[in-house]
Amino acid sequence: MGSPSLQGLVAEPPVAPPLSLADVRAAAERIRGAVLRTPTVPAPAIGRAAGCEVWLKLDNLQATGAFKERGAANRLALLTPREKATGVIAMSAGNHAQAVARHASLLGIRATIVMPRFTPATKVVRTESWGANVVLHGETLAEAAAHAHALALRDGLTFIHPYDDPGVMAGQGTMAIEMIEDAPGLDTLVFPVGGGGLLAGCAAAALELNPALTVYGVEVEGYPAMAQRLAGQPVAVGGPTIAEGIAVRDVGEAPYALLKRLGVEVLVVPERAVEQGVALLAEGAKVVAEGAGAAGVAALLTHPGRFAGRKVGTPVCGGNIDARALSNVLLRQLLRDGRILRLHFDIPDRPGMLADISRRISDAGGNVIEVKHQQLFGAPTVQSTELELMIEVRDAAQGNAIIAALEAADYAVRRG
């Protein structure tokens with residue numbers, strides 16, 4: 001199933017703006033004090049895993065947990081007095097909604113946010129908590145967008161587009177200036193791509209500030225719309241992804257035109273690499289990232305040859321990940337790394353068998369963290385028992401040693 005369309009949010013497709021470093025610097029002045037200047041910090045654990053020097057821009061520390069505040073704050077600051085008095089409207093099921101709501105509230109501007117009916121209640125509550133009027137409409141993003149556009153026309157509201165707007169792009173570009181100022185030795189920048197506003201704004205500013213920089217975008221393999229557009233290919237996207245913040249079908253026309261003119265390449269990463277990035281950030285850098293926020297790290301892990309020996313800056317552009325999703329990602333990564341083993345046994349139904357297996361695992365340094373012991377219905381015969389153990393180990397080598405010790409004792413072991 002394809003991603004919902006965001007076309008129709010504006011009356012006419014925008015022409016690529018002549019976005020300049022001066023525009024981004026002006027945006028930085030407008031949002032100063034309203035948007036946190038987040039730290040850019042070295043991440044040696046990420047660097048060791050990726051084979052390069054890595055610096056992280058921690059925009060997950062923004063008040064709403066994501067970089068979207070930059071563009072929203074700048075765009076709202078550009079409103080005319082009449083537009084401020086009338087109010088604004090936006091459509092979003094995520095970070096853009098909260099960003100517009102927050103900064104409209106700070107400026108005393110009435111904000112309406114249209115969200116699809118499937119939007120999780122927590123996101124609705126957070127958006128409302130910033131003072132916005134939330135309207136739930138439509139079963140898809142496209143339906144919500146059409147309704148928001150209709151309300152804008154009916155009530156004379158100014159539509160704040162999430163990415164296809166020069167003011168939004170300039171605001172997002174402030175991230176690149178801060179990264180370069182805080183880590184002047186960087187030679188490569190990597191930015192996640194959804195609609196393209198972040199990458200376009202940052203690329204325009206960074207390449208004018210330092211033409212020797214290399215700038216990449218990164219998309220997840222299920223939603224490589226910008227990479228496809230830049231390659232002149234038809235857009236074909238869809239499917240579930242943990243990087244829902246960049247799961248976009250219709251990229252912005254203004255960002256697309258600007259990136260094409262600048263010759264910026266967009267890399268594509270597999271879903272598994274995004275999960276690995278989330279886990280590596282949590283364990284190695286002690287940073288919580290949503291899927292889209294970890295896409296830059298995923299690019300470093302997926303394309304090591306491009307970054308070997310380089311000094312790379314990439315943003316953790318959002319940290320709004322569901323606690324259950326984060327837990328699942330971490331457990332899946334432990335399984336992939338071999339630090340958690342799922343072992344299956346068919347053992348004789350005799351007293352002491354479970355105790356013997358547990359002792360052998362303990363003697364080899366493993367820690368049993370879950371036991372499933374089925375005697376009545378799961379076993380192949382009434383004389384046997386089906387046993388499943390989840391074991392915590394130091395690394396894959398220790399796990400292999402535990403399996404070898406069990407097999408040496410004539411236990412038939414299957415990995416889960």
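These legends accompany a set of close-up views of a predicted model.

The model is a predicted one, in which local features need pLDDT of at least 70 and side-chain atom pairs count only at pLDDT 80 or more, whereas totals for chains, interfaces and linings use all residues. Residues are numbered from 1 along each chain as its sequence is written, and side-chain values use heavy atoms, with hydrogens and water left out.

View 1. Helices (H or I, at least four residues) and strands (E, at least two) are DSSP runs, numbered from the N terminus. The C-alpha atoms fill a box of roughly 80 × 45 × 40 Å, taken along the principal axes. Of the 416 residues, 53% count as buried, where buried means under 20% relative accessible area, exposed over 50% and partly exposed in between (1.4 Å probe, protein chains only). Among the contacts (heavy atoms within 4.5 Å) with a separation of 6 or more, 74% are between residues 24 or more positions apart.

View 2. Ala-144, Ala-145, Ala-148, His-149, Leu-151 and Ala-152 are buried. After α7 comes Gly-156, with a positive phi near 70 degrees.

**View 3. Helix α9, residues 197-209, within its surroundings.** Eleven of the 13 residues of α9 are buried, so this helix is largely enclosed by the rest of the structure. The buried residues include Gly-197, Cys-202 and Leu-207, and their cover includes α1, α8 (166-182), β7 (188-192), β8 (214-220), α11 (253-262) and β9 (265-269).

**View 4. The packing of α1 (residues 21-31) on α9.** The two helices pack at an angle of about 115 degrees with their axes 8 Å apart, where axes are lines fitted to C-alpha atoms, for helices over the stretch in contact, and angles run from 0 to 180 degrees between N-to-C directions. That makes α1 roughly perpendicular to α9, given that angles under 35 degrees count as roughly parallel, over 145 as roughly antiparallel, 65 to 115 as roughly perpendicular and the rest as oblique. Leu-21, Val-24 and Arg-25 of α1 meet Gly-201, Ala-205, Glu-208 and Leu-209 of α9.

**View 5. The packing of α9 and α11.** Here the helices pack at an angle of about 40 degrees, with their axes 9 Å apart, and α9 and α11 are therefore oblique to each other. The contact is made by Gly-197, Leu-199, Ala-200, Ala-203, Ala-204 and Leu-207 of α9 and by Pro-255, Leu-258, Leu-259 and Leu-262 of α11.

**View 6. Leu-354 in helix α16, residues 353-363.** Leu-354 is partly exposed, with a relative accessible area of 29%. Leaving aside residues up to four places away in sequence, Leu-354 touches Val-371, Leu-387 and Leu-389. Leu-354 and Thr-385 are 31 residues apart in sequence and 9.9 Å apart in space, C-alpha to C-alpha.
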